[in-house]
Amino acid sequence: MSFSSSTKLVPRSSKAVSILIVISSTFMATTQGFDGSMMNALNILPSYTDYFSLNTTTLALNTSAVWLGGCLAGMFFGLITDYLGRKNAMLVAALITIFAAILQAASQNVPMFVISRILIGLGMNGSATAGPVYIAETLKPQWRGWGLGLFFDFYYIGGLISAGVTYGTARMQSTWAWRLPSALQGLFSVLCIVVLPFIPESPRWLIHKGRNEEAIEAIALACADGNKDDPIVQVQYREIIDTLAWEKEQGETLSLLQTVKTPGARKRMMLSLSVAVFTMLSGNNIISYYLGTMLTNAGITDSTTQLEINIILNAWCLVICLFGTSLLDILGRKSLAAWSTGLLTIFIFMIGGLTAAYGTSTNTAGIYGTVASIFLFQGSYSFGWTPLTMVYPPEVLNFSIRSNGMAVYAFIVSGVGLLVTFAFPYALEAIGWKTYMINGAWDVLELAFVLFFWVETKGKTLEEIDELFDGQKHSDAPDLEAIMKGKAGVDEFVVDGVEPVTQVPVEVSKKAD
């Protein structure tokens with residue numbers, strides 16, 4: 001099964017194409033949100049914990065195994081994305097996730113459940129590699145911030161659906177209380193596969209493969225209702241052609257080694273991986289996977305009440321992350337990250353202080369204050385880091401390292417996720433509220449890094465971002481923003497006597513190293 005070559009089913013409306021491009025990838029993020037919220041709820045349900053006779057170790061193992069699968073995806077899924085194409089890589093990831101969801105629903109013991117969780121992680125992180133790369137390379141530039149931001153905003157859509165499902169199944173008196181939510185994880189991957197035939201392949205990947213006519217058609221479908229002669233289409237096509245030709249002349253290849261080969265590549269990777277670390281270590285994973293333990297420590301012990309709070313929290317985070325996404329191209333990526341980190345740092349210290357003061361008491365005001373702080377913390381995180389999770393990394397990575405860079409990104413996310421989801425149960429059990437204080441001190445360092453090292457990428461095409469790292473733009477084409485505002489024309493870079501840019505003969509490497 002392959003979806004990369006044909007555009008017969010792709011709509012001729014760029015608005016429709018853009019919506020479908022975003023939907024195809026956000027279905028994958030919905031699976032991740034569903035999984036996180038589902039495991040949070042399952043860890044509360046007696047029907048799940050009693051069935052597997054879970055203790056602290058096996059609880060952490062069942063929960064954190066998904067990150068091990070994510071690490072495996074990080075080792076090779078970038079190569080798959082470059083070799084098969086962005087759409088086919090998304091297909092492979094979706095099929096793995098569907099199989100894993102069925103296996104998890106059928107689990108009979110801890111080893112079987114852990115294996116299914118590893119495969120879930122493999123599929124989800126395969127999606128997290130291919131999906132953002134595809135959106136960044138295919139979606140029209142003025143929609144890129146929204147499209148990539150929505151990718152992980154849909155984490156909360158999945159979380160909200162999962163919270164509602166598990167709240168309903170909690171009343172079941174059988175193992176279907178946890179088996180049914182497990183099976184439903186695969187639904188969103190099925191929907192993703194349904195959408196794939198109706199969207200074009202990445203034009204940058206097509207040009208790299210020497211399929212230039214298909215590439216300009218893909219750009220036209222995404223940006224100009226299929227009109228290949230539109231100036232917006234021609235400028236983007238020329239920028240991509242020139243930039244990929246420059247990368248080839250510099251000896252850049254589609255290999256893991258390329259991610260650390262040059263100072264520019266290393267800086268790009270440093271900024272990309274800072275997002276991987278910060279999105280995992282800001283303190284959000286304590287709440288994402290161990291909300292029940294947090295609420296118990298805060299004095300709320302009823303499992304039904306905990307599940308209700310889980311639903312409300314996901315709805316709150318969804319509203320806030322959508323608001324943050326709307327500000328991506330107003331505040332910019334760097335300012336949004338700084339505001340988000342500064343606020344969440346304040347609130348995680350508040351959670352620690354209130355838990356220390358009222359966690360073992362029956363003081364209603366203190367307990368409510370702790371819950372309010374949890375909501376404010378998650379809101380602050382969702383405001384910036386939720387949309388930025390998949391916006392900033394693919395933007396700062398250039399074509400030759402984008403897929404492998406995102407694979408390394410997914411590996412680091414999973415590695416750090418594995419660490420924190422396995423370690424936090426022990427930390428909460430051993431030192432309780434002090435866990436939040438330690439995390440808050442780390443968040444201060446995160447804020448400093450963003451302020452001193454991040455570069456701003458808003459308002460630029462992927463090729464124009466190269467100038468921020470390489471000191472020069474690798475194309476003579478005018479900036480796309482200048483064309484859109486009428487400050488430059490397409491004729492300014494078409495050489496006299498030469499056909500439109502669709503005919504510019506540029507040899508681009510066809511080999512995926």
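**View 1. Glu-395 is a buried residue, at 0% relative accessibility.** Buried means under 20% relative accessible area, exposed over 50%, and partly exposed in between (1.4 Å probe, protein chains only). Glu-395 forms a salt bridge with Arg-333, with the closest N and O atoms 2.6 Å apart. Here, a salt bridge is a side-chain nitrogen of Lys or Arg within 4 Å of a carboxyl oxygen of Asp or Glu. Glu-395 belongs to helix 17 and Arg-333 to helix 16 (residues 333-358), so this pair ties together parts 62 residues apart in sequence. Helices are DSSP runs (H or I, at least four residues), numbered from the N terminus.

This is a predicted model, so local features need pLDDT of at least 70 and side-chain atom pairs pLDDT 80 or more, while totals for chains, interfaces and linings use all residues. Residues are numbered from 1 along each chain as its sequence is written, and side-chain values use heavy atoms, leaving out hydrogens and water.

**View 2. Arg-333 also meets Asp-329 in a salt bridge (2.7 Å, N to O).** Arg-333 is buried at 1% relative accessibility, whereas Asp-329 is partly exposed at 35%.

**View 3. Arg-86 and Asp-82 form a salt bridge, their closest N and O atoms being 2.9 Å apart.** Arg-86 is buried, at 0% relative accessibility, and Asp-82 is buried too, at 1%.

**View 4. Leu-271 sits in the largest nonpolar core, which has 114 residues.** Such a core is a set of buried Ala, Val, Leu, Ile, Met, Phe, Trp, Tyr and Cys residues joined through side-chain atoms within 4.5 Å. Helix 17 (residues 364-396) gives the most to this core, with 13 residues.

Key. Helix = DSSP H or I, 4+ residues; strand = E, 2+ residues; numbered from the N terminus.
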